There are 2 protein chains.
Amino acid sequence: MKHFMQQAITAAKAAAKRGEVPVGAVLVDALTGTVLAAEGNRVEELRDPLAHAEMLVIQAALKQRGDKYLEDCDLYVTLEPCPLCASAISLARLRRVYFGAYDPKSGGTEHGPRIFEHDSCHHKPEVYGGIDESHCGALLTKFFSKKRHATEKDK
Amino acid sequence: MKHFMQQAITAAKAAAKRGEVPVGAVLVDALTGTVLAAEGNRVEELRDPLAHAEMLVIQAALKQRGDKYLEDCDLYVTLEPCPLCASAISLARLRRVYFGAYDPKSGGTEHGPRIFEHDSCHHKPEVYGGIDESHCGALLTKFFSKKRHATEKDK
């Protein structure tokens with residue numbers, strides 16, 4: 001588990017280098033332990049507000065498998081999924097979600113709309129939050145602190 | 001408005017002919033009245049549980065515009081958006097959503113997680129539900145009734 005979260009952190013760091021909010025995700029075939037996809041945020045690069053790390057790995061794995069569901073797959077992501085990604089996780093029927101930092105501002109599983117807690121959510125994955133939390137959170141804190149400093153300098 | 005919903009219904013009917021749950025969506029540049037994209041569900045065809053009509057028109061319009069947001073755009077869709085699509089609508093900053101039938105089972109704007117009603121939802125579009133409701137709903141009722149009969153015949 002630690003190993004896959006480390007890969008997600010590596011993807012998040014690569015995203016930061018591209019000027020993206022540093023969130024990384026890894027999708028794993030839980031039966032074989034194979035990594036199906038690893039991605040960081042690409043919202044800025046693709047000019048696509050839906051190009052979150054989780055969406056990118058889910059879409060890549062769906063294409064790769066040619067199957068409508070990813071039932072035996074687990075997601076490792078450095079940040080609590082937002083409502084978009086949580087909904088995608090449910091629709092693609094992922095088995096488990098391991099996430100790093102909690103996201104009180106925009107999270108959608110433990111905060112806000114709590115996507116998996118409604119009867120209308122037809123597939124609820126197992127969710128484990130706070131994995132390598134301080135490490136995952138520090139990436140975001142560092143990124144936004146740098147951004148703030150840059151903005152202040154521009155003033 | 002009536003005209004755009006009619007186009008969404010046409011897209012939903014085309015989806016039904018392809019064996020898809022009949023939901024159709026149209027994305028309109030509200031400033032010029034231009035249709036940017038019209039699509040029906042393609043979940044079965046693409047083997048992609050995220051290929052809802054709303055997602056397809058939003059993604060098509062984002063690509064077409066090369067912009068990260070669709071702030072001056074309105075969405076017409078035959079069914080209340082699910083949590084995935086409602087989240088995409090918010091992230092892409094659509095101006096308005098006009099939807100047809102209400103969806104107590106899987107809807108995400110007036111039911112279940114009510115995506116737009118949380119502080120963590122950073123953009124809330126104007127939402128108008130029940131537009132041409134009986135017509136939009138009848139498409140779904142007919143589709144599922146046919147499907148049930150086909151399944152019963154197979155037994």
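In the predicted model, 9 residue pairs make polar contact between chain A and chain B, with both partners at pLDDT 80 or more. Three helices of chain A each supply at least two residues to the side that touches chain B: helix 2 (43-46), helix 3 (53-65) and helix 4 (83-91). Helix 4 of chain A gives the most, with 5 residues. By residue class, the side of chain A that touches chain B divides into 14 nonpolar, 10 polar and 6 charged residues.

Charged pairs also span the interface. The rule finds 4 salt bridges between chain A and chain B. In one salt bridge, the side chain of Lys68(B) meets that of Glu44(A), at 2.7 Å from N to O.

The extent of the interface was then computed. On the chain A side, 30 residues are in contact with chain B, and 30 residues of chain B take part in turn. Together the two chains bury about 2400 Å². Carbon and sulfur atoms account for 66% of this buried area.

The arrangement of the copies was examined by superposition. Chain A is superposed on chain B by a rotation of 180°, with 0.0 Å of shift along the axis. The RMSD of this superposition is 0.0 Å. The two copies are therefore related as by a two-fold rotation axis. The contact residues were compared as well. Of the interface residues of chain A, 100% are also interface residues in chain B, so the copies meet through the same surface.

Methods:
Residues are numbered from 1 along each chain as its sequence is written. Chains are lettered from A and ligands numbered from 1 in the order in which they are written. This is a predicted model: local features need pLDDT of at least 70, side-chain atom pairs count only at pLDDT 80 or more; totals for chains, interfaces and linings use all residues. Side-chain values use heavy atoms; hydrogens and water are left out. Contact means heavy atoms within 4.5 Å. Buried area is the accessible area (1.4 Å probe) that two parts lose on being put together, summed over both. A polar contact is a pair of N or O atoms within 3.5 Å; within protein, one must be able to donate a hydrogen and the other to accept it, and residues adjacent in sequence count only if both atoms are side-chain atoms. Helices (H or I, at least four residues) and strands (E, at least two) are DSSP runs, numbered from the N terminus. Ala, Val, Leu, Ile, Met, Phe, Trp, Tyr, Cys and Pro count as nonpolar, Asp, Glu, Lys and Arg as charged, and the others, Gly among them, as polar. Copies are superposed by least squares on the C-alpha atoms of residues with pLDDT of at least 70 in both.
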